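Thanks for coming. I'll take a few minutes on one structure, so please have it open.

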Amino acid sequence: MCGIVGCVTSERNAPYLLVDGLRRLEYRGYDSAGLAVIKDGEIVTLREVGKLNNLESALKASGLGGTIGLGHTRWATHGRPTQVNAHPHRDGSGKIVVVHNGIIENFRELRAELRDQGHVFASETDSEVIAHLIESCYRGDLAQAVLEATRRLEGAYAIGVMHADHPEMLVGARKDGPLVIGLGENENFLASDVTAALEHTSRFVYLDDGQVAELTRDGLRILDASGHEQPYVQTNIAWSLAQAERGGYPHFMLKEIHEQPTVISDTLLGRLDETRGEIVLDDLGIDDEAARAISRIHIIACGTSWHAGHVAKFYIEQLARIPVEVDYASEYRYRDPILDPDGLVVAISQSGETADTIAAMRMARQAGVRVVGVCNVIGSTISREADGSIMTHAGPEIGVASTKAFISQLVALLLLALRLGRARGHLSVDELRRHCLELRQLPQVVENVLKTEGRVLEVARRFAGAQDFLFIGRGMNYPIALEGALKLKEISYIHAEGYPSGEMKHGPIALIDERMPVVAICTRSPVYEKVITSVEEARVRDAKMIVIGNEGDEKITEIADETIFVPHVAEILSPIVNVVPLQLLAYFVARERGCDVDQPRNLAKSVTVE
Ligand code: M6R
């Protein structure tokens, strides 16, 4: 999730406006930053790895000024976080610069085509291809060249473009990536979100997919995909800066829950190839032959990532028929596990910096076992040291309680299971295509699940005073019960237990009385009737039943005190759907109790000590 800022102004302070704007986007996370301005008819760029302060120091040392510029904070997806990979990227002539947020799915094909035409590339990024493509389309009209170039792009993008021969013009374009125009007094802005320009203006124009914007200091033209000028609507944003960083949401956690449809799309981007019947996981480092040779899989992780690992056990065992064990990384590293050189270790970690997971991963590698890291932070220790990786593309997660990263892990692990299942011959091309189709519909399904928010809030208000909660689920939704309980205890400080529902009568049933709310995940699956039985057992002991069921399921209404209905999906997608109301429940209960949702007591976002 990169950040983009552009400005065209009458003062010579453009680079400082850019750095200020980038600072406002810091909450999006980044690993490098850069800017470009036009000076004496030439493009000058500054790019630094690490904190924004590094870029600011370089700017001060350079004494650079200018009235027009583009800035960028990079959250690496393709190519390591290095100076060369940092934006802005130039074309071959050095006259065009581009900043980009998103992922260009067909960048390899485009790069090969452009190389054949003589273009030379400096970075490992997908973004650099955009600058070269614009160069090849440029015939004097920058907006027209951007329009033509973007027609060739597949994937998601928000871009800002500048040309040395147009020293008073910025061009922006977007598809499935955010980009807004800020309209100031004698100055205009281009940004990933309003926070970057809110200090200078409250008047914004939101660009639509496929549109191209041409900005000067005192003018704005918006072109549609066919190049026709279009009228635009100004929106007045009356947010404070702090509100704006959270996209208008009261907490990062709620914002991140709402980002989940986009996160699913981003994690799937470029990875489903229905035509060839393949799952494309470029950095996995396991070809079909190696996939067939895997004797067993060991998943190591902590906390929420460990829950994702448990869902993955169901995915991999069902789809690829490889035996899977799931371990807490903190246990694995000390329990002298049997390390099989034909086995595979999958280390799951949002941050890629969790000390126990790193130590467990190193132990496995030292014993000659191949490790695949499933990480959200490119350049993190696990993503660097693992033999292969699957990046989850959830963007930076600020709330300490993991939500969108968890969903992206589930999607990434399902892709891994499908990839292994196909390689080992357990899935036909047609079966794989059917899974791809269902996955492509998933972002919209999760969007619909988010509409249960009002209902979940009512339930949360009723039970916010409870002292204990029990969460039950079965099959691949039993780890989701564990995750529901973990979310609630992390941020509301209510004691909560998660159990496979079949285990309830082996102990936790003793806790049940009329003061105990029990959350049951009871969506359609081969074990549906079994969960219903557990719900009945809890109900006759006066538990207050909160049941997550499928829309149209009358039986649920009869046996529950409170119902939350979600759309029916294929069983393998049900954990991804069912966790959403549980995240919302934890969030609203915590909010009702006045807890510090984003920074709960005693917890750290990344546990880098043992
Ligand atoms: O960064 P990691 O995924 O390795 O972190 C693992 C856990 O520390 C993390 O999931 C923790 O349980 C979260 N607070 C869950 O919300």
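Predicted model: local features only at pLDDT ≥ 70, side-chain atom pairs only at ≥ 80, totals over all residues.

Start with the cores. The largest nonpolar core contains 96 residues. I297, I316, F469 and I576 have the most contacts inside it. The biggest contribution to this core comes from helix α14, residues 404-423, which gives 13 residues.

Now look at I297. Leaving out residues up to four places away in sequence, I297 touches I316, I322, P323, V324, E325, L344, V346 and L420. Apart from the core we have been discussing lies another one, of 28 residues, and F121, L133, I134 and L147 are among them.

Next, helix α20, residues 574-592. Its 19 residues span 28 Å from first C-alpha to last, close to the 27 Å expected at 1.5 Å a residue. How many of the residues of α20 are buried? The count is 17 of the 19, so α20 is largely enclosed by the rest of the structure. After this helix comes G594, with a positive phi near 75°.

The other helix is α12, residues 355-366. It has twelve residues and reaches 16 Å between its first and last C-alpha, close to the expected 16 Å. In α12 the buried residues include A355, D356, T357, I358, A360, M361 and A364.

Key: Residues numbered from 1 in each chain as written. Heavy atoms only, no water. Helix = DSSP H or I, 4+ residues; strand = E, 2+ residues; numbered from the N terminus. Expected span 1.5 Å × (residues − 1). Buried < 20%, exposed > 50% of the residue type's maximum accessible area, 1.4 Å probe, protein only. Core = buried A, V, L, I, M, F, W, Y, C linked by side-chain atoms within 4.5 Å. Contact = heavy atoms within 4.5 Å.
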